[in-house]
Amino acid sequence: MARISASRPSSLYSLLLICSLLLASQILVSSRKLARPPIVKGLSWDYYWLSCPRVERIIRKHLEDVFERDSGIAPGILRLFFHDCFAQGCDGSILLNGDGEDDEKQHVANFGLREEALQTIEDLRALVRKQCPRVVTCSDILVIAAREAVRQLGGPDFDVPLGRKDSLTFNVTAPDNLPPPFFRTDELLGLFGSRNFDATDVVALSGAHTYGRAHCPSLFNRTIESDPPIDPEFKKQLEATCPNDESLNTINLDVRTPVKFDNMYYINLLNRQGVFTSDQDIASHPETKETVNLFASNQKAFFDKFADAFVKVSQLSVLTGDQGEVRKTCFAPNNRKSRMSSVVEQVLELAEKL
């Protein structure tokens, strides 16, 4: 009996310790939620909680297989996300096919968009549709996939607000809003500033060039110019890869860890090995160079700021509520399905009847 009663204080202590830990974890979760960036009206952190609660898990699992087969699709999806959001808004308009006419993908700013990245978004839509009603939009799938493209290649894991609707149309001139790779920092700050992004946001978002590849037409000027400064040996590498501005060759954006999302991009800049003019120039501009130095020495600081800036980008000019639609295929609005999509749907309907 004495032995039993002696164990009670120990059991009570263990119970109190467990309760304390649970309380601490709840406080930590609450503080994390409080630290989330603000979101626009119509979006929510748990938008599909009732209608499709497994949507993010479905996307995450499929992309694990996709990126294992071809890690280059990850930066392709991240580029697709930014080129969608910063052009007309995060509405999936970049996914729409022109069906015989030019669409946003034919714009010079979208040169080199990976077909595999585009198809991956449509594949994800089909997977999600098998397990949920037609409630999840292509624009939301693109945002989730872009977050996964960062997380699964070593970058930060963070929540993204959802609830976007898909656009009914595209705008062939909308990609004019995208910053070209030869922009200097003052031009970048002006363009991003007009969309309520500050200098730290610009440096953080530029860090997306920590993986992926660049095409020669977008970087050829770096082979013939010395401002912003460029490492001589690195310049020789660029010259060998890109002998002229019409070459179809590509080069890694990050010479150190080309298939990993990390802070090596900023270390490259400090070594004057930025591929684009817009990259290298932020390392010496008075409004951005201190942040470049910070991110080069502190990966967590980069990850935290990148996550916040990503969420800001993901809310640009979104369609919500009764605006837009939930597409049946990411490549066409519901009132104009592509001929191929129509054939596929007819085959599937016939298969179900059989």
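1. Rings of Phe, Tyr and Trp (the latter by its six-membered ring) are taken to pair if their centres lie within 6.5 Å, and such a pair counts as stacked with planes under 30 degrees apart, as edge-to-face over 60 and as tilted for the rest. On this basis, a search of the whole structure finds 20 aromatic pairs. The rings of F86 and F197 have centres 6.4 Å apart and planes at 45°, so this pair is tilted.

2. This is a predicted model, in which local features need pLDDT of at least 70 and side-chain atom pairs count only at pLDDT 80 or more, while totals for chains, interfaces and linings use all residues. Residues are numbered from 1 along each chain as its sequence is written, and side-chain values use heavy atoms, with hydrogens and water left out.

3. The F86 and F197 pair links distant parts of the chain, the two residues being 111 residues apart: F86 sits in the loop between α3 (73-85) and α4 (115-131), and F197 in the loop between α6 (185-193) and α7 (199-206). Helices here are DSSP runs of H or I with at least four residues, numbered from the N terminus. With buried meaning under 20% relative accessible area, exposed over 50% and partly exposed in between (1.4 Å probe, protein chains only), F86 counts as buried at 0%, and F197 is buried as well, at 5%.

4. R195 lies over the face of F86, at 4.6 Å from the ring centre; the criterion for a charge over a ring is that NZ of Lys or CZ of Arg is within 6 Å of the ring centre and within 35 degrees of the ring normal.

5. One aromatic cluster is formed by F81, F158, Y211, F261, Y265, Y266, F295, F302, F303, F306 and F310.

6. Several backbone features deserve a look. D227 and P228 are joined by a cis peptide bond with omega of about 0°, and P228 is placed in the loop between α8 (216-219) and α9 (232-241). R272, although not a glycine, has a positive phi of about 60°; R272 is found in the loop between α10 (264-270) and α11 (277-281) and counts as partly exposed at 38% relative accessibility. S317, also a residue other than glycine, has a positive phi near 45°; S317 lies in the loop between α13 (299-313) and α14 (339-353), where at 48% relative accessibility S317 counts as partly exposed.

7. Helix α5 (residues 138-151) has 14 residues and reaches 20 Å from its first C-alpha to its last, close to the 20 Å expected at 1.5 Å a residue, the expected span being 1.5 Å times one less than the number of residues. Helix α5 is mostly covered, with 13 of its 14 residues buried.
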